[in-house]
2 protein chains.
Amino acid sequence: MRIGELSRRTGVHERLLRYYEEQGLLHPRRSPNGYREYDEEDVDTVRRIRSLLAAGLNTAAIATILPCLREDGDRLVPTCPGLLADLHRERDRITRSIADLQTSLRALDEVIAAAPPEVARRALGG
Amino acid sequence: MRIGELSRRTGVHERLLRYYEEQGLLHPRRSPNGYREYDEEDVDTVRRIRSLLAAGLNTAAIATILPCLREDGDRLVPTCPGLLADLHRERDRITRSIADLQTSLRALDEVIAAAPPEVARRALGG
DNA sequence: TTGAACTCTCACATCCATGTGAGGGTCAAG
DNA sequence: CTTGACCCTCACATGGATGTGAGAGTTCAA
């Protein structure tokens with residue numbers, strides 16, 4: 001499919017799809033007229049990219065991880081074993097991010113729980 | 001303490017401390033000569049800011065959360081009850097980020113586990 | 001043919017987090 | 001007084017992610 005269709009199906013603007021290609025996250029083929037041709041699986045790939053960006057990873061980290069998250073049927077395929085050390089590094093970074101976020105989440109929960117009931121009603125009731 | 005000392009004690013550059021103030025994350029007093037005066041607790045506040053930035057939150061989200069993470073002795077004090085709805089929203093966003101990262105972490109672990117043993121040795125041995 | 005829809009590349013712009021330097025004030029020690 | 005260390009504001013710069021428009025090519029139905 002072409003870039004407009006991928007954009008509609010994923011909700012991601014064309015400009016960003018070209019940027020992700022520029023960053024090595026997407027690899028569309030080209031038609032003889034120069035148009036990009038994407039695969040059906042690129043719809044999932046783009047969604048995964050958005051999810052990882054939203055989680056705070058940058059495009060360089062995502063470029064490392066993505067090729068190894070591609071699925072063949074139901075199973076994950078290690079398509080780039082040469083990057084195992086990189087994957088471990090990314091894994092460690094993700095683990096630290098999760099720990100940081102979980103620490104903040106716990107602290108936030110304590111604050112929310114400590115709020116006086118009438119404050120909670122006012123804040124959530126409107 | 002002044003900005004240079006806070007910078008040394010936290011390892012965070014002065015430029016960033018001024019930026020965090022600009023973004024509403026820090027609120028130093030001013031001496032008559034215009035110099036910033038930070039409190040002892042600002043050392044922990046700055047470390048918390050760095051941790052949240054590293055976890056992918058931006059300064060706007062941190063400005064929402066921070067005032068409610070301040071500690072009085074051992075307990076957390078809800079110093080801004082009017083922001084309870086905001087806190088819930090931030091909490092939800094953090095929860096989604098954690099879920100996204102955990103999904104990627106699991107997928108990454110499967111790829112790492114699936115790598116052939118000799119590839120693992122080569123990647124980690126040198 | 002024509003026009004609309006779609007696509008291409010390129011370049012500039014914005015915001016964010018961060019880095020650096022200019023120009024100048026403050027103050028304690030010598 | 002002078003000096004060095006510290007501080008102030010302001011402005012420009014960088015890289016990343018994102019947004020927008022110019023100029024032009026492609027394709028197909030009317």
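**Helix packing and DNA contacts**

Modeller: Happy to, and keep in mind that this is a predicted model. Let's start in chain B, where the axes of α2(B) and helix α3 (residues 42-54) come within 12 Å and cross at roughly 85°. An angle from 65 to 115 degrees counts as roughly perpendicular, so that is how α2(B) stands to α3(B).

Colleague: Which residues of α2(B) and α3(B) meet there?

Modeller: From α2(B) you have B:L16, B:L17 and B:Y20, and they meet B:V46, B:I49, B:R50 and B:L53 of α3(B). Sorted by class, this contact of α2(B) with α3(B) has six nonpolar residues, no polar ones and one charged.

Colleague: And over in chain A, at what angle do α2(A) and α3(A) pack?

Modeller: At about 85°, with the axes of α2(A) and α3(A) 12 Å apart. These two helices are therefore roughly perpendicular to each other. The contact is made by A:L16, A:L17 and A:Y20 on the α2(A) side and by A:V46, A:I49, A:R50 and A:L53 on the α3(A) side. Its classes are six nonpolar, no polar and one charged.

Colleague: Nice. While we're on chain A, how many helices and strands does its secondary structure have?

Modeller: Chain A has six helices and four strands. Reading from the N terminus, the order is α-α-β-β-α-α-β-β-α-α.

Colleague: And what share of chain A's residues count as buried?

Modeller: That would be 37% of its 126 residues. As for how the chain folds back on itself, take the contacts in chain A between residues at least 6 apart in sequence: 45% of them join residues at least 24 apart.

Colleague: Let's switch to the DNA. How many residues surround DNA strand D, and which are the closest?

Modeller: There are 20 around DNA strand D, and the closest are A:Y35, A:T59, B:G4, B:R18 and B:R36. By class, the surface near DNA strand D divides into seven nonpolar, five polar and eight charged residues.

Colleague: Which parts of the protein supply that surface near DNA strand D?

Modeller: At least two residues each come from α2 (14-22) and α3 (42-54) of chain A and from α1 (3-10) and α2 (14-22) of chain B. The most comes from α2(A), with four residues.

Colleague: What do the atoms of DNA strand D within 4 Å of the protein belong to?

Modeller: Sugar or phosphate for 72% of them, and bases for the rest. Looking at phosphate oxygens of DNA strand D, one is 2.9 Å from an N or O atom in the side chain of A:R50.

Colleague: OK, now DNA strand C. Which residues are the closest there?

Modeller: Of the 20 residues surrounding DNA strand C, the closest are A:G4, A:R18, B:Y19, B:Y35 and B:T59. Among the atoms of DNA strand C within 4 Å of the protein, 71% belong to sugar or phosphate and the rest to bases.

Colleague: What is the side chain of B:R15 doing near DNA strand C?

Modeller: An N or O atom in the B:R15 side chain is 3.2 Å from a base oxygen of DNA strand C. The elements giving two or more residues to the surface near DNA strand C are α1 (3-10) and α2 of chain A, along with α2 and α3 of chain B. The largest share, four residues, comes from α2(B).

Colleague: Last topic: is A:S7 buried or exposed?

Modeller: A:S7, which sits in helix α1 of chain A, counts as buried because its relative accessibility is 13%, and the cut-off for buried is under 20%. Beyond its neighbours within four places in sequence, A:S7 is in contact with A:V12, A:H13, A:E14 and A:L17.

Colleague: And where is A:A61?

Modeller: In helix α4 (residues 59-65) of chain A. At 4% relative accessibility, A:A61 counts as buried. Not counting residues up to four places away in sequence, A:A61 touches A:E90 and A:R93. A:A61 and A:D86 are 25 residues apart in sequence, with 9.2 Å between their C-alpha atoms.

Definitions and conventions: Residues numbered from 1 in each chain as written. Chains lettered and ligands numbered in written order. Predicted model: local features only at pLDDT ≥ 70, side-chain atom pairs only at ≥ 80, totals over all residues. Heavy atoms only, no water. Near = heavy atom within 4 Å. Polar contact = N/O pair within 3.5 Å; in protein donor to acceptor, adjacent residues only side chain to side chain. Nonpolar A, V, L, I, M, F, W, Y, C, P; charged D, E, K, R; others polar. Axes fitted to C-alpha atoms, helices over the stretch in contact; angles between N-to-C directions. Parallel < 35°, antiparallel > 145°, perpendicular 65-115°, else oblique. Contact = heavy atoms within 4.5 Å. Buried < 20%, exposed > 50% of the residue type's maximum accessible area, 1.4 Å probe, protein only.
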